[in-house]
Amino acid sequence: MRLSETRKPRRFLASQRRSYAIHMDLRTLLPQLLPHAIAWAEFQSNHVASLGIALPESMIAVARHVGVQRPERIRVKLVDQIPLPEEPTLRQAAIEAGLLGPNILGLTLGYSIFIVHGHDDVRLISHECRHVYQYEVLGSIEKFLPVYLQQIVEYGYDNAPLEVDARNNELHMA
Ligand SMILES: [Zn+2]
């Protein structure tokens with residue numbers, strides 16, 4: 001996943017701060033949310049696998065460069081906004097954890113990548129492809145998400161080791 005670097009307007013920050021009063025206890029909720037998160041991720045991943053487009057040759061090279069073993073399996077779907085779960089608790093937890101919401105530009109679920117229109121640049125593709133590599137190493141969505149979401153809960157989005165690794169592997173060519 002990758003966040004937009006646009007600074008949020010002051011008013012939004014103020015309203016976010018107030019929402020801390022009804023902050024969800026993500027650490028406690030994670031075990032019960034996890035099966036729902038996996039089911040949602042697998043559903044969305046299958047959707048992109050059937051409707052998405054394969055990477056062009058130049059981006060296959062980028063995927064290989066960041067370690068992906070089977071880049072030909074990757075499918076990308078360009079969207080106006082990254083989809084959100086319909087289930088209210090799962091949706092709210094994902095937004096509070098900083099995983100989903102209007103500032104998110106990319107989301108990788110297995111070999112399936114959602115990218116917001118206009119942001120399909122080398123940096124974002126390399127970041128998301130590094131997540132594909134991480135899924136390959138861990139083996140599946142079912143094996144990746146427990147590790148990834150536990151990290152988000154423990155370290156926060158910015159410092160989660162799998163996010164740090166993806167950021168450290170971003171390519172910055174023109
Ligand atoms: Zn990421």
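Colleague: Where do I start with the chain, and in what order do its elements run?

Modeller: Start with the secondary structure, which comes to seven helices and five strands. From the N terminus on, the order is β-α-α-β-α-β-α-β-β-α-α-α. Keep in mind that the model is predicted.

Colleague: What share of the residues counts as buried?

Modeller: The chain has 174 residues, and 33% of them count as buried.

Colleague: How many of the contacts join residues at least 24 apart?

Modeller: Take the contacts between residues at least 6 apart in sequence; 71% of these join residues at least 24 apart.

Colleague: How is a pair of packed helices described?

Modeller: Two packed helices are described by the angle between their axes and the distance between the axes. The crossing of H3 past H5 is right-handed.

Colleague: Which residues of H3 and H5 meet?

Modeller: From H3 come Met-59, Val-62 and Ala-63, and from H5 come Val-122, Ile-125, Ser-126, Cys-129 and Val-132. Sorted by class, this contact has seven nonpolar residues, one polar and no charged.

Colleague: At what angle do H5 and H6 cross?

Modeller: At roughly 110 degrees, with the axes coming within 8 Å. H5 is therefore roughly perpendicular to H6. On the H5 side the contact is made by Gln-134, Tyr-135 and Leu-138, and on the H6 side by Ile-141, Lys-143, Phe-144 and Val-147. By class, the contact of H5 with H6 has five nonpolar residues, one polar and one charged.

Colleague: And how do I read the pair H2 and H6, starting with angle and distance?

Modeller: The axes of H2 and H6 cross at roughly 140 degrees and come within 9 Å. H2 and H6 are therefore oblique to each other. H2 passes H6 in a right-handed crossing.

Colleague: Which residues of H2 and H6 meet?

Modeller: H2 brings Leu-26, Arg-27, Leu-30, Leu-34, Ala-37, Ile-38, Ala-41, Glu-42 and Ser-45. H6 brings Ile-141, Glu-142, Leu-145, Pro-146, Leu-149, Gln-150 and Val-153. By class, the residues of the contact of H2 with H6 are eleven nonpolar, two polar and three charged.

Colleague: Which residues touch the most other members of the largest nonpolar core?

Modeller: That core has 42 residues, and those touching the most other members are Ala-37, Ala-63, Ile-74, Cys-129, Val-132 and Leu-145. Elements that each supply at least two residues of the core include H2, H3, H5 and H6, along with strands S4 and S5. The largest share comes from H6, with six residues. As an example, look at Leu-145: not counting residues up to four places away in sequence, Leu-145 touches Leu-34, Ala-37, Ile-38 and Ala-41.

Colleague: Now single residues. Is Thr-28 buried or exposed?

Modeller: Count the other C-beta atoms within 10 Å; 20 or more means buried, and 12 or fewer means exposed. Thr-28 lies in helix H2. Thr-28 has 10 such atoms, so Thr-28 is exposed. The C-alpha atoms of Thr-28 and Val-153 are 9.6 Å apart in space, although the two residues are 125 apart in sequence.

Colleague: Is Gln-44 buried or exposed?

Modeller: Gln-44 is also in helix H2. Gln-44 has 20 other C-beta atoms within 10 Å, so Gln-44 is buried. Leaving aside neighbours within four places in sequence, Gln-44 is in contact with Pro-83, Leu-109 and Ser-112. Ile-113 is 69 residues from Gln-44 along the chain, and their C-alpha atoms are separated by 9.6 Å.

Colleague: Where is Pro-85 placed?

Modeller: In the loop between strand S3, residues 75-79, and H4. Pro-85 is buried because 21 other C-beta atoms lie within 10 Å. Leaving aside neighbours within four places in sequence, Pro-85 is in contact with Trp-40, Leu-90, Arg-91 and Ala-94.

Colleague: How many residues separate Pro-85 from Gln-44 in sequence?

Modeller: Pro-85 and Gln-44 are 41 residues apart in sequence, and 9.6 Å apart in space from C-alpha to C-alpha.

How values were computed:
Residues are numbered from 1 along each chain as its sequence is written. This is a predicted model: local features need pLDDT of at least 70, side-chain atom pairs count only at pLDDT 80 or more; totals for chains, interfaces and linings use all residues. Helices (H or I, at least four residues) and strands (E, at least two) are DSSP runs, numbered from the N terminus. Two residues are in contact if their C-beta atoms, placed from the backbone, lie within 7 Å. A crossing is left-handed if the near helix is turned anticlockwise from the far one by less than a right angle, and right-handed if clockwise. Ala, Val, Leu, Ile, Met, Phe, Trp, Tyr, Cys and Pro count as nonpolar, Asp, Glu, Lys and Arg as charged, and the others, Gly among them, as polar. A nonpolar core is a set of buried Ala, Val, Leu, Ile, Met, Phe, Trp, Tyr and Cys residues joined through C-beta atoms within 7 Å. Axes are lines fitted to C-alpha atoms, for helices over the stretch in contact, and angles run from 0 to 180 degrees between N-to-C directions. Angles under 35 degrees count as roughly parallel, over 145 as roughly antiparallel, 65 to 115 as roughly perpendicular and the rest as oblique.
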